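Welcome! Take a look at it first, and then we will go through it topic by topic.

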Amino acid sequence: MKFAIQVNEGPYQHQAADSAYQFTKAALEKGHEIFRVFFYHDGVNNATKLTTPPQDDRNIVNRWSELAEQHNLDMVVCVAAAQRRGIVDEGEAKRNGKDAENIAPGFRISGLGQLVEAGIQADRLVVFGD
Amino acid sequence: MSILHTVNKSPYEKNSLDSCLSLAKEGSAVLLIEDGVYAALKGAAKEPRMKEAAQKIKLYVLGPDLKARGMAEDRVIEGVEIVDYAGFVDLAATHDKVNAWL
């Protein structure tokens with residue numbers, strides 16, 4: 001079965017980011033397909049590579065990147081939410097005159113159309129938020 | 001059409017569980033996750049409401065979230081089934097839609 005996942009909350013703020021990760025991982029382990037993981041609202045903060053949590057804590061951002069690499073996940077960050085919160089890739093940095101980018105590996109910045117498409121293409125859309 | 005409803009807030013904090021239970025149709029399922037698991041506590045104020053709901057709705061609670069809150073499985077109201085994340089995935093797959101009561 002094809003699942004799409006929506007994440008509305010940032011890491012270390014609310015359990016939603018953890019729940020979404022655990023669900024995604026469990027679905028992949030059961031042989032399901034993850035069509036896309038869409039990061040919306042504060043969920044875009046899951047995509048900054050500048051986080052450095054203590055070594056004995058889970059690294060939520062790296063955990064997503066590793067899962068994406070292992071399973072070739074499509075992880076999309078909403079561009080409007082990302083611009084507000086300072087999540088920037090190279091293209092966005094250039095376009096908006098910023099001197100740095102901070103998007104973590106495996107994430108890409110795109111528009112809300114990607115969420116609509118995921119809702120249409122996937123058999124189930126599962127939402128995690130506050 | 002059957003829907004899996006997820007509730008992630010304690011019923012003592014928000015009324016999303018009550019809204020969900022009053023609107024969920026017969027034959028649908030409710031899965032308590034995150035702080036929503038407090039609704040599954042035996043002997044608590046919400047027990048009668050949960051038992052009433054269990055007559056027409058299938059009730060589930062996420063085991064890892066119970067454990068994270070120090071709630072032993074024997075403290076869960078009878079009729080509420082404990083599932084793990086794999087069980088959550090199965091529930092999402094076997095119902096036609098998943099609706100999160102955020």
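A salt bridge here is a side-chain nitrogen of Lys or Arg within 4 Å of a carboxyl oxygen of Asp or Glu. With that in hand, please keep in mind that this is a predicted model.

**Salt bridges**

- Searching the whole structure turns up 18 salt bridges over all chains.
- One of them pairs E101(A) with K49(A), whose closest N and O atoms are 3.0 Å apart.
- E101(A) sits in the loop between helix 4 (90–95) and strand 4 (107–110) of chain A, while K49(A) sits in the loop between strand 2 (33–39) and helix 2 (60–71) of chain A, so this pair ties together parts that are 52 residues apart in sequence.
- As background, side chains of opposite charge can pair when their charged atoms come close.

**Where chain A meets chain B**

- On the chain A side, 21 residues are in contact with 19 residues of chain B.
- The size of an interface is often given as the accessible area lost when the parts come together.
- Between them, chain A and chain B bury about 1,500 Å², and 60% of that is on carbon and sulfur atoms.
- Two salt bridges are found across this interface.
- In a salt bridge between the chains, K30(A) pairs with D90(B), and the closest N and O atoms are 3.2 Å apart.
- Counting residue pairs in polar contact between chain A and chain B, with both residues at pLDDT 80 or more, gives ten.

**The chain A side of the interface**

- Helix 1 (16–29) and strand 5 (124–128) of chain A are the elements that give two or more residues to the side touching chain B.
- Helix 1 of chain A provides the largest share of that side, with six residues.
- By type, the chain A residues on that side divide into ten nonpolar, seven polar and four charged.

**A cavity**

- How many cavities of 30 Å³ or more are there? The count comes to one.
- The largest cavity has a volume of about 40 Å³.
- Both chains contribute to its lining: V127(A), F128(A) and G129(A) are joined by T6(B), N8(B), I33(B), E34(B), A100(B) and L102(B).
- Five of these lining residues are nonpolar, three are polar and one is charged.

Methods. Residues numbered from 1 in each chain as written. Chains lettered and ligands numbered in written order. Predicted model: local features only at pLDDT ≥ 70, side-chain atom pairs only at ≥ 80, totals over all residues. Heavy atoms only, no water. Contact = heavy atoms within 4.5 Å. Buried area = accessible area lost by both parts, 1.4 Å probe. Polar contact = N/O pair within 3.5 Å; in protein donor to acceptor, adjacent residues only side chain to side chain. Helix = DSSP H or I, 4+ residues; strand = E, 2+ residues; numbered from the N terminus. Nonpolar A, V, L, I, M, F, W, Y, C, P; charged D, E, K, R; others polar. 1 Å grid on protein atoms, 1.4 Å probe; cavity = no way out; pocket = protein on both sides within 12 Å on 5 of 7 lines; lining within 4 Å. Points joined across faces, edges and corners; volume = space filled by probe spheres on them.
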